[in-house]
Amino acid sequence: MKRVRFVHPWMLAIYPILFLFSHNIGELSLDAIVWPVAISLTATALLWLVLAKIFRSAEKGALLTSALLFLFY
């Protein structure tokens, strides 16, 4: 059976943090984004796991996670 990997929720989770960091790169150090990225990825993982359990499909859970992240950010 083919194993499918979903990267879109992870990319949508870290994009706003990296975008803000790139616009303020002179004022921040790289250490300043470690906690926000970790929190965002952890929240995304939890949301995806819950939605995958509810819909009994990893693909549907990933799509809805991406949609909710898009609406949140």
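**Entry 1: helix 1, length**

The expected span of a helix is 1.5 Å times one less than its number of residues. I applied this to helix 1 of this predicted model, which covers residues 8-23 and holds 16 residues.

I then looked for a bend along helix 1. A kink of about 35° lies at Tyr15, shortly before the proline Pro16.

Which residues of helix 1 are buried? I noted Pro9, Ala13, Pro16, Ile17 and Phe21. An α-helix has 3.6 residues a turn, so residues three or four places apart point the same way. I next asked what the buried residues of helix 1 pack against. Their partners are helix 2 (34-55) and helix 3 (58-72).

**Entry 2: helix 1 against helix 2**

I looked up the geometry of this pair. The axes of helix 1 and helix 2 are 9 Å apart, and the two helices pack at an angle of about 150°. Angles over 145 degrees count as roughly antiparallel, and helix 1 and helix 2 are therefore roughly antiparallel to each other. I recorded the crossing of helix 1 past helix 2 as right-handed.

I listed the residues that meet between the two helices. Helix 1 contributes Pro9, Trp10, Ala13, Ile14 and Ile17. Helix 2 contributes Pro36, Val37, Ser40, Leu41, Thr44, Ala45 and Trp48.

**Entry 3: Leu41**

I examined Leu41, a residue of helix 2, in more detail. Is Leu41 buried or partly exposed? Leu41 has a relative accessible area of 29%; buried requires under 20% and exposed over 50%, so Leu41 is partly exposed. Beyond residues up to four places away in sequence, I found that Leu41 touches Trp10, Ala13 and Ile14. I also checked the separation of Leu41 from Ile14: they are 27 residues apart in sequence, while their C-alpha atoms are 7.3 Å apart in space.

**Entry 4: Thr65 and Ser66**

I turned to helix 3, where I looked up Thr65 and Ser66. Thr65 is buried, with a relative accessible area of 0%. Setting aside neighbours within four places in sequence, I found Thr65 in contact with Pro9, Thr44, Leu47, Trp48 and Leu51.

Ser66 has a relative accessible area of 8% and is buried. With neighbours within four places in sequence again left aside, Ser66 is in contact with His8, Pro9 and Leu12.

Terms used. Residues numbered from 1 in each chain as written. Predicted model: local features only at pLDDT ≥ 70, side-chain atom pairs only at ≥ 80, totals over all residues. Heavy atoms only, no water. Helix = DSSP H or I, 4+ residues; strand = E, 2+ residues; numbered from the N terminus. Bend = angle between axes of the 7 residues up to and from the residue. Buried < 20%, exposed > 50% of the residue type's maximum accessible area, 1.4 Å probe, protein only. Contact = heavy atoms within 4.5 Å. Axes fitted to C-alpha atoms, helices over the stretch in contact; angles between N-to-C directions. Parallel < 35°, antiparallel > 145°, perpendicular 65-115°, else oblique. Left-handed = near helix turned anticlockwise from the far one by under 90°.
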